[in-house]
Amino acid sequence: MKLLAHRRADGCRGVPHAPGAPAVELRDVSVRWGGHTALEHVSFALAAGDLLAVVGPNGAGKSTLLKVLAGALAPTAGEVRVYGHRPGGHICIAYLPQRSQVDWGFPVTVRDVVMMGRIGRLGPLRRPRAGDRGRVEAALARVGIAHLASRQIRELSGGEQQRMFIARALAQEAELVLLDEPLAGLDTPAQEGILDLLAALREQGMTVLVALHELDFAARLPKALLLHRRPIGFGPPEEVFTPDRLREAYGAGLRIIHTPTGLAMLGDSCCAKDADGLR
Amino acid sequence: MGFASVLLAPFAYPFMVRGLVAAVAVGAVCAVVGTYVVLRGMAFFGDALAHSILPGVAVGYLVHRGARGPLLAWALGTAVLTALGIGAVSKRGELKEDTAIGIVFAGMFALGIALISTVRGYAVDLTHFLFGNVLAVSPGDLWLTLGMGGAVILTVVAFYKEFLVISFDPTFAATLRLRTGAFRYLLLVLIALTVVISLKTVGVALVLAMLVTPAATAYLLARRLPRMMALAAAVGALSGVAGLYLSFYAGIASGAAIVLVATALFLIALVLAPRRGLLWRRRSRAG
């Protein structure tokens, strides 16, 4: 248990970070199943504290990329490293599912879901202790939903549901946070609130990858990856979201409109059913 | 005849006492395991597994000629093999999972009927396997039921948080380094064990009802998983007791009587449950 106190220096649960390794590193990663290619030749690296928007049309492989990083899906080719380790050997990765993928009728309260973040640290046959409960309450307060802790999860608004999953990542003491379409189906104030929280996570030194459909929000994050099965652009958003690259990613799905204040770009923003979701 | 004697009359017979204990235990164990069957949408799998144990039962029946004891062991072996087999087939992803289950289910069931039909006058025995006969529970059966049922419940409790997180959010569970595959197989084995101990009480054709109906009733009433499990167990046990009385006084087949009581309790919850019941929804729409 002592190890946990020195987590930042020592890595997760006593697994030391490889010295000098980037927080996230993908080397020529491809994912195929059946005859279908979900991702090909994806390579990039992120330093600790980076905040990356992963952007692309439906079926571009955004969810697949997050699942590969989460260790839930093994790449067909290439290598994935988180602080120099395989994702499966690293419990400080928090994965936040798409809201449309969650069974909201499941009989759990908000507090139960956030407590799930502690399970990896508890180990088998152990029950949560006072320290775990304290971290859960602190995480709930941090994202501003402490007053909703005893609610069944269906009774929350979309923005509050997303905050709940961010609280779970905090309770997990995650160093890498993966969010799949966290802004989908939220109204603008709720979307702004989530983006503010992500910026706060980053300031605590967490590395954040967020799959987004909303190009306007993605353009406000420090880094962006434009994806259409293969990477089309990676870097600061003003270099990535150029009309040529966007057209390459979205094809006919993109409309570029000249407005008095500059270019406006409309991506396909429907995302109820992501074609790259896995069985 | 006073009320007390109405309640006590059936238990003048030792086989009724054994039947009652078995019905309560099976009702509760099925309901607790059934909680995950309902939450994970595995109803079809549960039904298929129940029907698939018939050939195992048939072989045991043919090999041991009427001796009832080894039957459960044969059933258990078949159930675990089928559960692991379906798990492996559906994981490969060549066929959709329900298609794979359907093929295994129907094929095994047919094999079981074919084997049993080689015995003259097989219809009576087949009926017992299909629909159960709680009054034929021997003392040995009862101890086996209680022992295996206890082991199933202990496993569910011991791995409560792992089963919870794997059922709610499998991708997240993978990031926690939980052995999601191993726990999935463990759950299949638990369902298999549960089906086997239900063989005498409700039979292979109706065990699905005991897995799904009390758990669904509890789903309508509970907001947290531990409460849902406790309520489901209570509904399952109550169905066992009330079903046996119904069977005794109305002369109905015991397995069917138990399932009918469970179904009635579900319908009551469906109408009256707070928040999720039909009446509540109608009222909140009107108001």
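Of the 279 residues of chain A, 53% count as buried, where buried means under 20% relative accessible area, exposed means over 50%, and partly exposed is in between, with a 1.4 Å probe and protein chains only. This is a predicted model, in which local features need pLDDT of at least 70, side-chain atom pairs count only at pLDDT 80 or more, and totals for chains, interfaces and linings use all residues. Residues are numbered from 1 along each chain as its sequence is written, chains are lettered from A and ligands numbered from 1 in the order in which they are written, and side-chain values use heavy atoms, with hydrogens and water left out.

I will stay with chain A for a moment. Chain A has ten helices and eleven strands; these are DSSP runs numbered from the N terminus, helices being H or I of at least four residues and strands E of at least two. For contacts in chain A with a separation of 6 or more, 69% are between residues 24 or more positions apart, a contact being heavy atoms within 4.5 Å.

Which strands pair with β7(A)? Strand β3, residues 51-55 of chain A, does so in the parallel sense over five bridges, where pairing requires that DSSP finds at least two bridges between two strands. In that pair, Ala53(A) stands opposite Val210(A). Strand β6, residues 176-180 of chain A, also pairs with β7(A) in the parallel sense over five bridges, and there Leu178(A) has Leu209(A) as its bridge partner. With helix α7, residues 188-203 of chain A, β6(A) and β7(A) make a right-handed β-α-β unit. Right-handed means that, with the strands pointing away from the viewer, the path from the first strand over the helix to the second runs clockwise.

Gln162(A) is in helix α6, residues 158-171, and is buried at 1% relative accessibility. Leaving aside neighbours within four places in sequence, Gln162(A) is in contact with Leu96(A), Arg99(A), Pro182(A) and Ile194(A). Ser100(A) is in the loop between β5 (93-96) and α4 (110-122) of chain A and is partly exposed, with a relative accessible area of 49%. Tyr83(A), in the loop between β4 (77-82) and β5 of chain A, is buried at 9% relative accessibility. Its phi is near 50 degrees, a positive value in a residue other than glycine. Most residues other than glycine have a negative phi.

Now the interface. The size of an interface is often given as the accessible area lost when the parts come together. Chain A and chain B bury about 2700 Å² between them, 62% of it on carbon and sulfur atoms; buried area is the accessible area, with a 1.4 Å probe, that two parts lose on being put together, summed over both. In chain A, Phe106(A), Pro107(A) and Ile119(A) lose the most area to chain B, together 24% of what that side buries. The contact takes 39 residues from chain A and 26 residues from chain B. Arg168(A) lies over the face of Phe172(B), at 3.5 Å from the ring centre; a charge sits over a ring if NZ of Lys or CZ of Arg is within 6 Å of the ring centre and within 35 degrees of the ring normal.

On to chain B. In helix α3, residues 43-52 of chain B, eight of the ten residues are buried, so the helix is largely enclosed by the rest of the structure.

Last, the aromatics. The whole structure has twelve aromatic pairs over all chains. Rings of Phe, Tyr and Trp (its six-membered ring) pair if their centres lie within 6.5 Å, and planes under 30 degrees apart count as stacked, over 60 as edge-to-face and the rest as tilted. Why is the pair of Tyr13(B) and Phe248(B) called tilted? Because the planes are at 45 degrees, with the centres 6.5 Å apart. Tyr13(B) lies in the loop between α1 (3-8) and α2 (14-39) of chain B and Phe248(B) in helix α13 (residues 225-250), so the pair ties together parts 235 residues apart in sequence. Tyr13(B), Phe15(B), Phe248(B) and Tyr249(B) form one aromatic cluster.
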